[in-house]
Amino acid sequence: MAKKIRTILKVQAPAGKATAAPPVGPALGQHGINIMEFIKAFNERTASQAGYVVPAEITVFEDRSFSFVTKAPLAAALLKRAAGVEAGSAQPNREKVGRVTQAQLREIAETKMADLNANDVDHAMRIIAGTARSMGIEVVA
Amino acid sequence: MARWLELTVEANVEAVEAVSEIFGRLGRGAAVRPTRLIRDPRDELAVREDPSAPYLVTAHVPDDGDSAAALEATERALWHLQAFGLGPVGALHVSSVEDSGWEAAWKAGYTPQRIGRVVIVPSWLDEPIADGEVELRLDPGMAFGTGLHPTTRGCLALLQRVDPMPSPILDVGCGSGILALAALRLGARRAICYDTDPLAVATTGANAAANALADRLEARRGTLPAVPAERVRLVMANLVAAVLVELAERLAVHCRRGGTLIASGIIAERGEEVGSALRAAGFVERDRLEDGDWLTLGLERT
């Protein structure tokens, strides 16, 4: 049956471990979406990505049915992996916790390109570089 | 009942990932919602985010003794963002919300729906069914067709004008299976359903089982075949305008002369285009329902 779209929303939840607690419950609940059906399907689809927070893009149809696709891990997770750090810096302007190269930045930008609404790879790289700096991760040549 | 602090920030598209990372430090992930969508008036399915409009990023922390420190750290991190060349980020808004049991709260807006004689009842409710009414047990989920959309309601209304109910019947683009299941409840002995979405095929099968109709319904994955195995006296096709135009001739091939096609999913401004394609394929319009922006047509195969 063809679907008539009401809205689009995204939630970021732990792979294989989403629950009805925030952010999933309130985000989906306000649209009258069957939360438990989403959780079951999300956990099944993401079981192999344990340890990552996985974004899901949910399309809500006008009759409150829905579909969703899972996206690439958050840029922050990819940056931490590339820089080999556990967490970002609480004082990113002063305390640097790691570094990534332009090549790594490009790779992450290409992975995330479809999710960023960026105009091109250069724009996506600029977004990822800003995210890196906000975490105290330096971008080097 | 637990209380939560709900944190919301309006962010430019470039800052959404960075804000999500900051909210992620609170340990529970975040939700992101575009504030504006771009719709193509010529294509009901073409909806995309408008990246020039801000996004709302939301996260929650338990409202307990640690929340003040978490808020302060979040505010500081958001303030730092301004220095890193990303688009603008608005002020942090904080409100207190009660955990009203989100797992069950989404059900609050659902009540049994009566469309003529057909009563759609969610599985967690009991509803008295009057003489002459037929009950469908159906939960909203990941397949279109909950009974809440004008196109589904239009099809169910026109279905009840088909007398006598023929058999078998064909449901093209079955979604949740709601139309085929209603036809079975209204007297059809057998239903054949098609959907290109495997999830819809599985959902239709599950809904047929939940209504004890599985032995009378066959759900097939794919589009309507060019050559029918058997021609039927009733075809239901709640699709969209472009697909109805594309499938018009095929729908006609599957429908016996004198049989009925119920066609919906037609946005009003494309009504003439769809009507013209169906007329060219051999159908004559006999009935029409309009509900908001949507048309449902009842047609006879000549």
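Predicted model: local features only at pLDDT ≥ 70, side-chain atom pairs only at ≥ 80, totals over all residues.
User: How many salt bridges are counted between domain 1 of chain B and domain 2 of chain B?

Analyst: A salt bridge here is a side-chain nitrogen of Lys or Arg within 4 Å of a carboxyl oxygen of Asp or Glu. Residues are numbered from 1 along each chain as its sequence is written, while chains are lettered from A and ligands numbered from 1 in the order in which they are written. Between domain 1 and domain 2 of chain B, the salt-bridge count is zero.

User: And how far apart are the centres of those two domains of chain B?

Analyst: An automatic or database domain assignment sets the bounds, giving domain 1 as 3-108 and domain 2 as 142-301 in chain B. Taken over C-alpha atoms, the centres of domain 1 and domain 2 of chain B are separated by 40 Å.

User: Let's turn to the two chains. How much area do chain B and chain A bury between them?

Analyst: Counting contact as heavy atoms within 4.5 Å, 58 residues of chain B touch 56 residues of chain A. Carbon and sulfur atoms account for 59% of the area that chains B and A bury, and the total is about 5,000 Å².

User: Which residues of chain B lose the most area to chain A?

Analyst: Chain B and chain A bury about 5,000 Å² between them. Together, three residues make up 16% of what the chain B side buries, and they are Glu17(B), Met142(B) and Phe144(B).

User: Which residue of chain A forms a salt bridge with Glu17(B)?

Analyst: Side chains of opposite charge can pair when their charged atoms come close. The rule finds three salt bridges across the interface of chain B and chain A. In the one from Glu17(B), the closest N and O atoms are 3.1 Å apart, and the partner is Lys112(A).

User: Which strand gives the largest share of the side of chain B that touches chain A?

Analyst: Strands are DSSP runs (E, at least two residues) and helices likewise (H or I, at least four), numbered from the N terminus. Across the interface of chain B and chain A there are 19 residue pairs in polar contact, both at pLDDT 80 or more. The largest share of the chain B side, five residues, comes from residues 43-49 of chain B, strand E4.

User: Which residue of chain B stands opposite Lys10(A)?

Analyst: Two strands pair if DSSP finds at least two bridges between them. Strand E1 (residues 5-14) of chain A and strand E2 (residues 31-34) of chain B run antiparallel and are joined by two bridges. In E2(B), the residue opposite Lys10(A) is Val32(B).

User: Within chain B, which residue meets Glu98(B) in a salt bridge?

Analyst: E1(B) and E6(B) run antiparallel, joined by six bridges, with Trp4(B) opposite Val97(B) in E6(B). The salt bridge of Glu98(B), 3.4 Å from N to O, is made with Arg3(B).

User: Which residue does a cis peptide bond join to Pro22(A)?

Analyst: Most residues other than glycine have a negative phi, and most peptide bonds are trans. In chain B, the bond from Asp163(B) to Pro164(B) is cis, with omega near 0 degrees. In chain A, omega is about 5 degrees for the cis bond joining Pro22(A) to Pro23(A).

User: What is the phi of Ala212(B)?

Analyst: Ala212(B) sits in the loop between helix H6 (198-210) and strand E12 (217-221) of chain B. Over in chain A, Arg64(A) has a positive phi of about 70 degrees although it is not a glycine. For Ala212(B), also a residue other than glycine, phi is positive and near 55 degrees.

Note on methods
Heavy atoms only, no water. Buried area = accessible area lost by both parts, 1.4 Å probe. Polar contact = N/O pair within 3.5 Å; in protein donor to acceptor, adjacent residues only side chain to side chain.
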